[in-house]
Amino acid sequence: MKKYLKQSILITLAFLLIINENIASENYPQIKIVTTSGSFIIELDRNRAPLTVENFLRYIEDDFFENTVFHRVIQGFVIQGGGFTSDLESKETYPNIINESGNGLSNRRMTIAMARETNPHTASSQFYINLVDNFTLDPMATRWGYAVFGEVIEGFNVIDMIAGSATQSMNGMQDVPISPVIVLEASRIN
């Protein structure tokens, strides 16, 4: 009887581990971004930013980010991409999404957040990665913030390498890397 009880417990534990892994992969999808400067992996947080994560995954599934560039690199602040080709042509995007900046996630070093215009609900495809803790980008009682929806979990050296790019003003934009940092591939890995 003890033998069957032990087997039952082991089978139940194995089943629970499988379910837990499936839940983790659904709630925390991981994305590998391959650039001309190397690769990094981000983990998204669907629990805290469900609309933002769904929006980002839609762009991933459509291969939207391939052949886009990190068009804004400000050392000690952020690297930003997801909206322009290597010729700095703006890509057509899906409609803007609702700002989820009040989700409890903070603009800490190596978190990923949605770039937007002054209006709080204008994020579409552009994202940025924080190079330092940028708490001034978090929401406050008197204003909206910038919605964090995940974090870099691997490839910190690649992010720091991109951050060290020499920049210039080009096509009316500032802080554009002189040597383009191109996204070659962006895909879900779990």
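**A cavity, a pocket and a buried serine**

In this predicted model, the largest cavity is lined by T52, I97, I98, N99, E100, M114, R116, P120, A123, Y146 and A147.

Me: How much space lies in the largest cavity?
Reply: The count comes to 1 cavity of 30 Å³ or more. The space in the largest cavity is about 50 Å³.

Me: Which element gives the most residues to the lining of the largest pocket?
Reply: This pocket holds about 410 Å³ of space. It has 22 lining residues, and Q80, A115, R116, E117 and Q126 are the closest to its centre. Two elements give two or more residues: strand 3 (68-74) and strand 4 (78-85). The top giver, with 4 residues, is strand 4.

Me: Is S125 buried or exposed?
Reply: S125 sits in the loop between strand 5 (111-114) and strand 6 (127-130). Its relative accessibility is 2%. Buried means under 20%. So S125 counts as buried.

Me: Which residue has its backbone oxygen 2.7 Å from a polar atom of the side chain of S125?
Reply: Leave out residues up to four places away in sequence, and S125 touches Y59, F64, F65, G81, G82, G83, T93 and M114. The backbone oxygen at 2.7 Å belongs to G82.

Terms used
Residues are numbered from 1 along each chain as its sequence is written. This is a predicted model: local features need pLDDT of at least 70, side-chain atom pairs count only at pLDDT 80 or more; totals for chains, interfaces and linings use all residues. Side-chain values use heavy atoms; hydrogens and water are left out. On a 1 Å grid over the protein atoms alone, a cavity is a set of points where a 1.4 Å probe fits but cannot get out, and a pocket is an open set with protein on both sides within 12 Å along at least five of seven lines; lining residues have an atom within 4 Å of a point. Grid points are joined across faces, edges and corners, and a volume is the space filled by probe spheres set on the points. Buried means under 20% relative accessible area, exposed over 50%, partly exposed in between (1.4 Å probe, protein chains only). A polar contact is a pair of N or O atoms within 3.5 Å; within protein, one must be able to donate a hydrogen and the other to accept it, and residues adjacent in sequence count only if both atoms are side-chain atoms. Contact means heavy atoms within 4.5 Å.
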